[in-house]
Amino acid sequence: MHFQNIQIFRTPPLQAALVVIMLLTGSCSTQKDSFVNRAYHTINAKYNGFFNARESYRDGVGQLAELHNDNYEQILSIFRYGTEQDAGSVSSNMDVAYEKASLVIRRHSMNIRGKEHNRYIDESYFLIGRSHFFKRDYTLAILTFEYIIRQYDTHRSHDAKVWIAKSYNEQERYEQALRMFNMLEQHYRNGILTDETTALFRKAYADYYIRQGKYPEAARQLQMGIPYEKSRSERVRLTFIQAQLYHHSEKFAEAQQAFEKVLSMRPDRNMAFQASIGMAMAYDPSVGGSGFIRDELMDMLSAERNREYRDQIYYALAQLALRQGDEKEAISMLRKSAEVSQTNDMQKGLSFLRLGEIFFEHPDYKTANQYYDSAATFLPHSYDDYELVRRRQQMLSNLTQLSRVIAHEDSLQTLAALPAAEQEAIVEAIIEDLREQQRLREEAERQRQAAMRDAAQRARQTRGMSDHDRGWYFYNTTAMDNGKNEFFGRFGERPLEDLWRISNKQMIAGDFGMDMPGFEDMEHEEDTLVFDEFDKEKYLRNIPNTEEQLLVSKNRQVEAYFNKGMLFKDQLNDPANAIRCFETLVEYFPKTDRELPAYYHLYFMLREQGDAAAAERVKNSLVQLYPDSEYARIIGDPGYADRIRERQTLADNLYRESYNAFFAGRYDVIGRNMEALDTLEVSRELKARFAYLHAIATAKTERHAIFVSELQRVVDEFHDTPVHQPASTLLASLDAGDSMIASSGSDEVRPPSESNVQRERAPISSPFTFSPDAAHFFVLIVNDNHHDPRDLNNIVNNFNKEVYADTELAVSNIYFEGSKHLVTVTNFKGKETGMQYYRTIMQSENLSELDPDGNTIEYYVISVDNYPLFYQEKELDAYRHFFEHYYLDI
């Protein structure tokens, strides 16, 4: 009978007494299946390491939930796990959970003849798997959960399946997740899942559907799962999400019923408000009733208790107006929403974003750019579509900048066509206008200072009158008015703007575009920190009065028109504006570098628009002006482009065949394919890759001197391609080898041990497979009797920050077996990249100091498909042999 099943020993005093007895009797063996031994290791596991591990884990999960920001504009997240940055903030909690749980396993596991007799061991593994999950190391999490499923026939094996499915969801591996959900569904039907597991299973299943936009299916999973949820607040949240799912599925009656149910469940104030808004918006437009909904929202707007939610109510009114097709009303409501939103940056950003979207569709790109710029400023980076917003804002900003360049150069060229006297008169008029603007600013500042003095005096007179009022400040209108007067007395009336404390910000004249790209080309004086906006000579020098300056100005316009056309064509999907840009370029700026590609793009865009006549005119112009160009051949011969693509495909296939032949030791194939490549028109980069591969192959078939000569040719001829760096590194590493060859008088080919040249090897019998192109991990096996795994983890992390700062490498530390830990660095694109990292980190000073003799830590590079076998089966000796055979001396 197991100790944990004896109820009498569940009382703390008896447990404590039993621990004392066991300590006195020295009963601590993990391989002796006796009552006392089981009791000792169970109690120590539970109340020492496991308790601390679980508390650290719970603290971390709780922090994530607090850091999570709900965006009610979108369907709420089923799980409140925050952003990637938030996950990093609880990494230390998960590290502690992992370390404590690992300690429990090492010290208290009673695995006797394949059966575990300590029930806190599978709990510890389960905690380790979840700690990996919350560190977003889903591969290691899955491996740990799979281990639990194989080793332990407890309810945790079913929980592990749910967490595997959750990990697959996070990795967007939906086919694998579905297989796991189908298995869990069968377990549910067989009645073997606990209520807690069922609740988590249904939430994970709903999350699976939401991520793929399958909202009715997700709502059905929540319907089945909510009754199993113990937490009232969690049931409220899930019911709200269910209502949102019905709304997005246009099941408006079900949505209103679900929102009404939320209100009946005594939610917190914010959730209650959102449910009320949701009910108002979840009306069926096919049956009308929008007038009633608008009245409901207006009543909510006028209620004092909803004052802090006015921005969201205005936003809801805007959404209602859009559904009714009243764009003007929607724009008005969105502007009011942004105006009254003082503390809710998310809502302010959403209002600006919807305004930007409306004007983008018009299209009114200039206005849209202003709103997108504000949206990108106020929306948090955790907003789901933030990157899309930022990219569109950048596109619109670039478009605005290009338009400014064109207008700026037009203005300068117009001025250049005028007599010098008129140029001076216009500049003087601009300067006079700037002086008047400065005078008005100074007068406004004097009035502000006077108002400040008056307001301060009023504040002093009335401050004492309301000291007796102890009510909340923001419900006390007198206190609020006094506060406003106090602020106004100190700072005056201020517009809502950034850096408002700067009372005399100067505006640089925009008419002459001092910040335009390329403007510095016309500036020959020294840069200054302050621009004198009243310096007439400075303005006059920027007018292109010479032929050389005029040519520079026109070239700027050419580049701006071409780039603007390409932006319309490729990014904004606006062919009409793209065509106008290219037509302007070829009409007003002939015989420039951009004329030929502009004709080419015009031809195909006009064809796509169905204007065959205009396309034919453009084609004739292009062929007449540029008869020998590639563009003319492509347009004149419809099959020409196809033949180019065929040749490129053939060249790619030749390289792939040569690459595989290299690893198979058939080096003659590489030379033959090199000759075939000479008959094809291929990119310079592909030629460089072929030449490098051929050079490496000569190390196997030719004398050493020829190998060096071929490698030198790659370095000399392809300095502007990606192969230049590895070829140069390899060539430099041959210096020592050349010295050895010279001293021995031998011409034997001796490729360097750390080059990219691989010896021809016969296949070996191994449970592992060689997949050089697969993703790879770098792993270290460390014995905690010699080193603290945390120290090694820190060394690797610091190394990555210093040497691989631009690469997103993740480091994890998991228990391997016995006293060994496995430190894993992920991910590398292939074997070569992994081995380059291997060679670099092996020379790290800190790692060398930790393991000076190189015999207390083992280092390997392993492909992603071999990693599970390596970790699960602990085939260390087999992999060591495999690694030495296929990876070393490569």
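How many aromatic pairs does the structure hold? The count is 55 aromatic pairs. Before I show you a couple of them, keep in mind that this is a predicted model.

Okay, some background on the chain. We've got 37 helices and six strands in it. There are 890 residues, and buried ones make up 45% of them.

Let's start with Y81 and F133. Their ring centres are 5.8 Å apart and their planes sit at 75°; over 60 degrees counts as edge-to-face, so that's what we call this pair. Now, where do the two residues come from? Y81 is in the loop between α2 (35-67) and α3 (84-89), while F133 belongs to helix α5 (residues 120-134), so the pair ties together parts that are 52 residues apart in sequence. Are they buried or exposed? Y81 is buried, with a relative accessible area of 16%, and F133 is buried too, at 2%.

Next up, F882 and Y886. Here the ring centres are 4.9 Å apart and the planes are at 45°, so this pair goes down as tilted. Both residues are in helix α37 (residues 876-886), four residues apart, and that puts about one helical turn between them. F882 has a relative accessible area of 1%, which makes it buried. Y886 comes out at 13% relative accessibility, and that counts as buried as well.

Take R130: it lies over the face of Y57, 4.6 Å from the ring centre. Then there's K348, whose charged end sits over the ring of F378, at 5.6 Å from the centre.

Let's move on to helices. When two helices pack, we describe them by the angle between their axes and the distance between the axes. My example is helix α23 (residues 547-571) with helix α25 (residues 595-608): the angle is about 30°, and the axes are 11 Å apart. Why do we call α23 and α25 roughly parallel? Because angles under 35 degrees get that label, and theirs is about 30°. Their crossing is left-handed. As for who makes the contact, α23 brings F562, M566 and K569, and α25 brings P597, A598, H601 and M605.

First, Y309. You'll find Y309 in the loop between α14 (290-302) and α15 (310-323). Its relative accessibility is 7%, so Y309 counts as buried. Which residues is Y309 in contact with, leaving aside neighbours within four places in sequence? Those are R269, N270 and F273. Have a look at Q274 as well: Y309 and Q274 are 35 residues apart in sequence, and their C-alphas are 9.7 Å apart in space.

Then S863, which is in strand β6 (residues 857-863). The relative accessibility of S863 is 0%, so this one counts as buried. What does S863 touch, not counting residues up to four places away in sequence? The list is T769, S771, A774, A775, H776 and Y887.

Methods. Residues numbered from 1 in each chain as written. Predicted model: local features only at pLDDT ≥ 70, side-chain atom pairs only at ≥ 80, totals over all residues. Heavy atoms only, no water. Phe/Tyr/Trp six-rings, centres within 6.5 Å; stacked < 30°, edge-to-face > 60°. Helix = DSSP H or I, 4+ residues; strand = E, 2+ residues; numbered from the N terminus. Buried < 20%, exposed > 50% of the residue type's maximum accessible area, 1.4 Å probe, protein only. Lys NZ or Arg CZ within 6 Å of the ring centre and 35° of its normal. Axes fitted to C-alpha atoms, helices over the stretch in contact; angles between N-to-C directions. Parallel < 35°, antiparallel > 145°, perpendicular 65-115°, else oblique. Left-handed = near helix turned anticlockwise from the far one by under 90°. Contact = heavy atoms within 4.5 Å.
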